[in-house]
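Colleague: This one is new to me. Please take me through it, starting with the strands.

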Amino acid sequence: MSVEKVFNQMPDLFRPDRALGLNATYLFICSESEEDTFQVSIEDQTISIQRGRSKKPDVIVRVKSEDWVAISENRLDGLKAYLEGKIKVEGSLALFQRFSKLFKSLHRRNSGRPLEEIISQQVTSSGGIVTGK
C-alpha cells in the first residue's frame with residue numbers, strides 16, 4: 001500500500017463522534033518532497049485531507065512513507081519506530097495522541113500494536129512534553 005492510499009482511506013475510517021470539540025491541523029511530512037506531505041484538518045467533526053501545506057499546523061509528524069504505511073498496517077511497532085527516531089513529532093503530543101483515536105483501525109494484526117496504544121504510552125512516559133526528537 002502507498003502512503004497516499006493510507007491518507008486517502010482516512011475519511012472512510014474517520015469517527016466524527018470522537019472529534020467533538022477538536023479543531024486541529026496535522027502535517028505529515030513523509031519525505032523531503034512536497035509529494036509525500038499531507039495536511040489533515042479536523043474541524044467541526046469533519047475531516048479534510050490535502051497534499052502539501054496550506055496553513056500552520058498544530059502538530060508536525062516527520063516519518064518516512066514506508067514507515068508510516070507499515071505502522072498503519074501494524075507491521076511496524078510505532079513505539080519502537082519512535083524510540084529509534086523513525087517518527088518525530090513537533091507540537092502538542094496530546095493532540096497527536098488524540099489523532100489516533102479519531103479513526104477505526106486500518107488493519108488488525110497481531111504483529112504490531114495499535115497506534116493509539118503507542119501514542120498513549122509515549123505521551124504518558126514523556127509527561128506530555130515535546131522532547132524534540
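Colleague: How many bridges join β2 to β3?

Modeller: Six, and the two strands run antiparallel. Ile42 has Ile47 in β3 as its bridge partner. Strands here are DSSP runs of E with at least two residues, helices are runs of H or I with at least four, and both are numbered from the N terminus.

Colleague: Before we go on, where does the model come from?

Modeller: It is predicted; local features need pLDDT of at least 70 and side-chain atom pairs pLDDT 80 or more, while totals for chains, interfaces and linings use all residues. Residues are numbered from 1 along each chain as its sequence is written, and side-chain values use heavy atoms, without hydrogens and water.

Colleague: Back to β2 and β3. What do they form?

Modeller: A hairpin, with two residues between the strands. Asp44, in the turn, has a positive phi of about 50 degrees.

Colleague: And how many bridges join β1 to β2?

Modeller: Six again, also antiparallel. Ala24 has Ile42 in β2 as its bridge partner, and Ile42 is the residue that is also bridged to Ile47 in β3.

Colleague: In what order do the five strands sit in the sheet?

Modeller: β3-β2-β1-β4-β5, as an open sheet with mixed pairing; strands count as paired if DSSP finds at least two bridges between them. β3 and β5 (87-91) are the edge strands, each pairing on one side only. The twist averages 15 degrees from one strand to the next.

Colleague: How do β4 and β5 run?

Modeller: Antiparallel, with five bridges joining β4 (residues 59-63) to β5. Val59 stands opposite Gly91 in β5.

Colleague: Why is β2 described as largely enclosed?

Modeller: Six of its seven residues are buried, so the rest of the structure largely encloses β2. Buried means under 20% relative accessible area with a 1.4 Å probe, counting protein chains only, and exposed means over 50%. Across the chain, buried residues make up 45% of the 133 residues.

Colleague: Pick a residue in β2. What does the side chain of Gln39 touch?

Modeller: Gln39 is in strand β2, and its side chain makes a polar contact of 3.0 Å with that of Ser54. A polar contact is an N or O pair within 3.5 Å, where one atom can donate a hydrogen and the other accept it. Gln39 counts as buried because its relative accessibility is 2%. Beyond neighbours within four places in sequence, its contacts (heavy atoms within 4.5 Å) include Thr25, Tyr26, Ile49 and Arg53.

Colleague: Helices now. Which residues of α1 are buried?

Modeller: Val3, Val6, Phe7, Met10 and Leu13, in a helix that covers residues 3-13. Seen down the axis, these residues fall within an arc of 110 degrees, so they line one face of α1. Asn8 and Asp12, on the other side, are exposed.

Colleague: What covers the buried residues of α1?

Modeller: Among the elements covering them are β1 (24-29), β2 (37-43), β3 (46-51), α2 (65-72) and α4 (93-100). α1 lies across β1, β2 and β3, and runs at about 160 degrees to β3.

Colleague: Is Trp68 buried or exposed?

Modeller: Buried, because its relative accessible area is 2%. Trp68 is in helix α2. Its C-alpha is 9.2 Å from that of Lys86, 18 residues away in sequence.

Colleague: Last one: what pattern does the chain follow along the sequence?

Modeller: α-β-β-β-β-α-α-β-α-α, which comes to five helices and five strands.

How values were computed. The arc is that of the directions from the helix axis to the C-beta atoms. Axes are lines fitted to C-alpha atoms, for helices over the stretch in contact, and angles run from 0 to 180 degrees between N-to-C directions.
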